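Hi everyone, thanks for coming. I'd like to walk you through one residue and then step back to the whole chain. Let's bring it up on the screen.

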Amino acid sequence: MDILLELKREVSALHKDIENLTIENVLQETTIKDLKHKIEELEHKHAAQNMESQKAPSREDKDDDSIRSGENINHDAPTTPRLPPWLLSRQRRAVGNAAFSVYLSQSKQHMTNEAIKFDRILLNDGNVYNTFTGAFTAPLSGVYLFTYHFDSTTSTFVRLVVNGVNEVDAVANPHVVSGPRQAQSMGGNTCIIHVSHGQAVQVQVFEIPDATIDSSDNFHFSTFSGVLLY
């Protein structure tokens, strides 16, 4: 049932992307028409200026006169129309959409050297995070900020890896408490690193076997978030 719900979320997200692309295409067509109109206006203006220049004294003559009279020469540079953001490459405009934040909906026991698959999505702009693998895949090369936190009732080591290579670590060591309540502790870390296009970023349990990660739909103790900075 959970897999079916996740698939429905993925399909819904894809439909939203298609709608956004349709809107972008319409805006791009409108922008292209506007630019063609501006180009025609500039061409007519340029042709008129050429006709005027043929009637007027040459620029060299004007420059000589200006130099002799001590005047400063300041020829106006031709202006180039600025391209609207809709004509920028789709890859560059996707920069602002690379952000995600997820949490674990139920506790996981007996974890050993494996990725934590955070299965609940708070934010997933650009569909950069996969709930089935627990991995964020970089849509662009750039500098990213990542942060993760976890709760545990056992001594647990957790690290953030890029393509399996360790970047930062964290540990939770539960304190002994009196009474019926079970001891628990939280750990986490934050880093700003460069990630290349296509690389996968995950949060993994390591070092100590049979670890526990605690979290639930009511208490979002264990989370993983990331965003592309630039």
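Let's start with Asn124, which is buried, with a relative accessible area of 14%; buried here means under 20% relative accessible area, exposed over 50%, and partly exposed in between, with a 1.4 Å probe and protein chains only. A quick word on the source: this is a predicted model, where local features need pLDDT of at least 70, side-chain atom pairs count only at pLDDT 80 or more, and totals for chains, interfaces and linings use all residues. Residues are numbered from 1 along each chain as its sequence is written, and side-chain values use heavy atoms, with hydrogens and water left out.

Asn124 sits in strand E4, residues 120–125. Strands are DSSP runs of E, at least two residues, and helices are runs of H or I, at least four, numbered from the N terminus.

So what does the side chain of Asn124 have around it? A polar atom of that side chain lies 3.1 Å from the backbone nitrogen of Val128, and the backbone nitrogen of Tyr129 lies 3.0 Å from a polar atom of the Asn124 side chain. Beyond four places in sequence, Asn124 is in contact (heavy atoms within 4.5 Å) with Ala99, Phe100 and Tyr129.

Now the whole protein. We have three helices and 13 strands, and 30% of the 230 residues count as buried.

Finally, confidence: the mean pLDDT, the predictor's confidence in each residue from 0 to 100, is 80, and 69% of residues reach 70 or more. Over residues 86–95, pLDDT stays under 50. Where pLDDT is low, the predicted coordinates should not be read in detail.

Key: Polar contact = N/O pair within 3.5 Å; in protein donor to acceptor, adjacent residues only side chain to side chain.
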